[in-house]
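Hi there,

Here is the structure I said I would pass on.

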Amino acid sequence: MNGKSVCLVIGAGDGLGGAIARAFAGEGHPVCMTRRARHLDQLEALAREIGPQAHAFGVDGSSEEETVALFDRIEREIGPIGVVVFNIGANVRFGIRETTARVFTKVWEMACFAGFLAGREAARVMAPRGKGSILFTGATASTRGREGYAAFAAAKAGLRLLAQSLARELGPEGIHVAHVVCDGAIDGVFTRERHDAAEVEALLADDLILKPEDIAQSFVSLHNQPRSAWSHEIDLRPWKEPW
């Protein structure tokens, strides 16, 4: 250990979460990453790629028991957690008449309730030390609801207001809480499943979709902000993205 605190990324994979973990590891932080247990093999491969300072955990972020145990284990076995990034997605599209109660509830559990658990447990371990960063990944749906995205928009808007409440409560205790609105398509599995490879490459070449490694630098910058000039919310979008 080099004295740097642990960065915990809740919701990591080949896209943004993995890029955030790489970015913090590049700054010297030990990084811990979570995904559901069925994806643990992929996450362990990512941890090996990042290096010996990276650790993978198969955790259901919407489970209170598993989330509490995760924080306790990291604090006990790896080190003090100084950065928590909540990055669970749950982006689905259903017309309102096709949105079942189960779909709405599961999206809320993944994208909002799990964020509450992450924020609460981060506060529990950070407050006694009087420092730390809790960073939430937002989306266009955090600020406006589009047709076909009622469940996703409700969950992401709830996460945004959760972040505001935490910032007002925990800021005076030395904990920096920030919300990052990613307003646009992000390169990754979700985007590549909806566009052919040539189209995605053309968009990337002209910086017309968000690149995970570029977004990740904003998360690192937020954590490194001096407390005399903290940001609570920033928005990131490609230079030609309409807004």
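**What I found**

Let me start with Asp207, which counts as partly exposed because its relative accessibility is 38% (buried means under 20% relative accessible area, exposed over 50%, and partly exposed in between, with a 1.4 Å probe and protein chains only). Asp207 has a positive phi of about 55° although it is not a glycine. You'll find Asp207 in the loop between helix H7 (197-205) and helix H8 (212-224). Helices (H or I, at least four residues) and strands (E, at least two) are DSSP runs, numbered from the N terminus.

Before going on, a word on the ground rules: this is a predicted model, where local features need pLDDT of at least 70, side-chain atom pairs count only at pLDDT 80 or more, and totals for chains, interfaces and linings use all residues. Residues are numbered from 1 along each chain as its sequence is written, and side-chain values use heavy atoms, with hydrogens and water left out.

Ala90 also has a positive phi, about 75°, and is not a glycine either. Ala90 sits in the loop between strand S4 (81-86) and helix H4 (101-126). With a relative accessible area of 14%, Ala90 is buried.

Now the cysteines. Searching the whole structure turns up 0 disulfides (a disulfide being a pair of cysteine sulfur atoms within 2.5 Å). For Cys7, the closest cysteine sulfur is in Cys32, 8.4 Å away, so that is too far for a bond. Cys112 is in no disulfide, and the nearest cysteine sulfur, that of Cys182, is 17 Å away. Both Cys7, at 0% relative accessibility, and Cys112, at 11%, count as buried.

As for the protein chain overall, there are 8 helices and 7 strands. Along the principal axes, the C-alpha atoms fill a box of roughly 45 × 40 × 35 Å. Of the 243 residues, 47% count as buried. Looking at contacts (heavy atoms within 4.5 Å) with a separation of 6 or more, 71% are between residues 24 or more positions apart.

Cheers
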